[in-house]
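I opened the model to look up a few things in turn, and I note here what I found.

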Amino acid sequence: MVALMTTLGIVIMVLGLLLSIAWHELGHLATAKMFGIRCTQYMVGFGKTLWSTKRGDTEYGVKAVPLGGYVRMVGMIPPARPRPDTGRPMSRWRTMIEDAREASFVELEPGDEDRQFYQRAPWKRLIVMFAGPFMNLVLALVLFVVLLMGIGIYQPTTTVGSVHACVVPAASAGDSCPADAEPSPAARAGLEVGDEITAINGVSTPDWQSVQAAIRANVGPGTIDVVRDGRELTLTTEFIENQVVKQDDDGNPVVRTDADGDPLLDDEGRQIPETVTAGFVGFVPQDQRQTLGAGETAVFFGDTMLSVGEAIVTLPAKIPDVFGAAFLGAERAPDSPVGVVGASRISGEILALPAPALDRAAMVINLLAGINLFLFAFNMLPILPLDGGHIAGALWEAVRRNTAKVFKRPDPGPFDVAQLMPVAYVMVACFLGFSLMLLVADIFNPVRLVQ
């Protein structure tokens with residue numbers, strides 16, 4: 001059964017990634033056709049064509065390697081400007097540029113004189129190139145809305161989930177009580193699992209955040225009002241000082257880091273929390289799945305986008321670790337980047353977990369939503385051959401043309417993207433090399449959900 005669920009998880013993730021790629025390319029295709037640009041191919045994947053069919057001017061198909069996709073539009077590169085013949089042979093750089101330019105005109109047919117990409121106004125080309133990443137952004141938003149507002153996420157409640165038997169610092173390893181440990185205030189007060197806390201020292205606590213804040217702010221004798229089996233009870237306790245987990249302004253736990261800012265881990269690979277001295281009672285709240293409102297979902301979505309942006313910025317620094325994990329037998333970091341194979345393996349592990357079906361579905365949706373956010377942010381980088389590189393070119397052309405118009409200078413014409421093709425070839429080589437490195441690491445030294 002585990003093998004079956006693992007396989008199902010892998011298949012679901014592969015299909016989800018293919019859908020994300022197809023959805024991305026559909027954005028390019030639809031807007032290009034809207035602006036009258038002829039599109040010769042709409043392909044999901046690279047390499048050998050597994051299936052294709054032609055509708056109108058466009059061939060639609062699926063290729064063997066699901067590492068991306070493309071829409072081929074005629075006239076992506078403008079024709080060269082007349083250059084004086086110096087009689088000298090072209091440099092290697094110039095040869096690469098002209099070869100790319102020549103290849104872009106191979107598919108031109110009679111009737112394409114006014115259907116080429118470069119002939120469209122910069123704002124139209126910007127829309128065509130932005131439409132692909134935007135589709136990933138929309139898909140990510142829809143998935144997060146389904147997850148957060150439909151299914152919900154686990155959050156701590158005012159109901160007691162467990163009671164500490166004794167007083168130990170938050171950063172202590174293990175769950176057992178030392179011989180000299182004193183009973184926790186919660187245990188002495190008679191707090192029980194399932195009690196719903198309604199007030200601390202007579203002050204109403206409608207949610208877990210207010211319960212936690214009230215406990216941390218009090219030291220000394222106090223009361224805890226609870227509802228137990230439908231009865232209201234007031235428990236007398238003694239709030240004591242103890243080392244508790246430090247939290248940031250958003251209520252998230254703060255972990256200890258090294259000089260490089262990386263989280264410190266204990267002997268079992270768990271992050272070590274920062275601690276502060278505050279009031280303590282000694283119980284753990286019960287987590288329950290709760291849906292979020294539109295405002296909370298928007299905040300969550302924004303925070304996730306920031307996290308994705310930080311991940312992209314720090315991606316180059318992780319390349320040595322991925323190389324070591326792939327070829328030198330080094331331990332794979334839990335936050336290591338993963339490729340298609342790695343994401344599919346994680347999805348397979350999720351579906352094989354001994355957890356409720358809804359929990360597993362929520363984890364897969366969260367994973368696929370995060371991948372689509374990454375696809376959006378990564379494709380917006382102003383680097384050819386990414387969409388962001390073409391967007392940057394269109395913006396630069398608009399600036400040049402508008403500046404020329406203001407100063408009544410001749411129109412400089414379309415931005416010659418061919419000038420950057422050698423750089424694009426280098427970037428493609430880098431992307432392919434990194435993808436192959438990830439593939440090796442994901443196969444032989446994968447990131448595992450369960451260690």
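Predicted model: local features only at pLDDT ≥ 70, side-chain atom pairs only at ≥ 80, totals over all residues.

I take helices (H or I, at least four residues) and strands (E, at least two) as DSSP runs, numbered from the N terminus. Residues are numbered from 1 along each chain as its sequence is written, and side-chain values use heavy atoms, with hydrogens and water left out.

I looked up aspartate 359 and found it in helix 9 (residues 357-379). Aspartate 359 is buried, at 14% relative accessible area, where buried means under 20%, exposed over 50% and partly exposed in between (1.4 Å probe, protein chains only). Setting aside residues up to four places away in sequence, I find aspartate 359 touching Tyr154 and Arg289, a contact being heavy atoms within 4.5 Å.

I then turned to the nonpolar cores, each a set of buried Ala, Val, Leu, Ile, Met, Phe, Trp, Tyr and Cys residues joined through side-chain atoms within 4.5 Å. The largest has 27 residues, and those touching the most other members are Met13, Leu143, Phe144, Leu147, Phe301 and Leu373. Helix 1 (2-34), helix 3 (122-151), helix 6 (294-313), helix 8 (340-352) and helix 9 each give two or more residues to this core. Another core, of 16 residues, lies apart from it and includes Ala186, Leu191, Ala214 and Phe239.

Last, I checked cysteines: cysteine 39 is buried at 1% relative accessible area, whereas cysteine 430 is partly exposed at 43%.
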